[in-house]
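Biologist: Could you take me through the salt bridges of this model, one after another, and then say what lies around them? I would like a careful reading that I can follow with the structure open beside me.

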Amino acid sequence: MTTLISASYALQRQKIAVERTLYARSAEESELAARWASAWHKLVQRKLDQDLAARHPAPSAFGGFLIQPSSRVLH
């Protein structure tokens, strides 16, 4: 649950960075805000991956078929 809370926070920060990119007054300001948005996006994705890994522990080895759980991908 903690990873989902931190993912939610990171997503809010990413939204702010995207808004700053859109409303930047100069190209430099827009570029900096875009880098921040990208960094927050990576953090959100990492937190979602951590949460997914915590919910679905690695399966033990066996001779049957293994069905992979669907992953969460932020677009």
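Modeller: What follows is a look at the salt bridges, and then at the nonpolar residues.

Please keep in mind throughout that this is a predicted model. In the salt bridge between the side chains of Lys15 and Glu19, nitrogen and oxygen are 3.1 Å apart. Both residues belong to helix H1, where a spacing of 4 residues amounts to about one turn of the helix. Lys15 counts as exposed because its relative accessibility is 53%, and the cut-off for that class is over 50%, while Glu19, at 33%, counts as partly exposed.

Helix H2, which covers residues 27–55, holds the other two pairs that I will describe. Glu31 forms a salt bridge with Arg35, and the closest N and O atoms of this pair are 3.6 Å apart. Because Glu31 and Arg35 are 4 residues apart in helix H2, about one helical turn separates them. Glu31 is partly exposed at 46% relative accessibility, whereas Arg35, at 52%, counts as exposed.

The side chains of Asp51 and Arg55 also meet in a salt bridge, with an N to O distance of 2.8 Å, and these two residues, again 4 residues apart in helix H2, are separated by about one helical turn. Here the two partners fall into separate classes of accessibility: Asp51 has a relative accessibility of 3% and therefore counts as buried, since the limit for that class is under 20%, but Arg55 is partly exposed at 49%.

Asp49, which is also found in helix H2, is partly exposed, with a relative accessible area of 38%. Asp49 and Ala7 are 42 residues apart in sequence, yet their C-alpha atoms are 9.9 Å apart in space.

Ala7 leads on to the nonpolar residues, for it is one of the 7 residues of the largest nonpolar core, together with Ala10, Ala17, Ala37, Trp40, Val44 and Leu48. Helices H1 and H2 each supply at least two residues of this core, and H2 gives the most, with 4 residues. Leaving aside residues up to four places away in sequence, Ala10 touches Trp40, Leu43 and Val44.

Val18 has its place in helix H1, and with a relative accessibility of 35% it counts as partly exposed.

Technical notes: Residues are numbered from 1 along each chain as its sequence is written. This is a predicted model: local features need pLDDT of at least 70, side-chain atom pairs count only at pLDDT 80 or more; totals for chains, interfaces and linings use all residues. Side-chain values use heavy atoms; hydrogens and water are left out. Buried means under 20% relative accessible area, exposed over 50%, partly exposed in between (1.4 Å probe, protein chains only). A nonpolar core is a set of buried Ala, Val, Leu, Ile, Met, Phe, Trp, Tyr and Cys residues joined through side-chain atoms within 4.5 Å. Contact means heavy atoms within 4.5 Å. A salt bridge is a side-chain nitrogen of Lys or Arg within 4 Å of a carboxyl oxygen of Asp or Glu.
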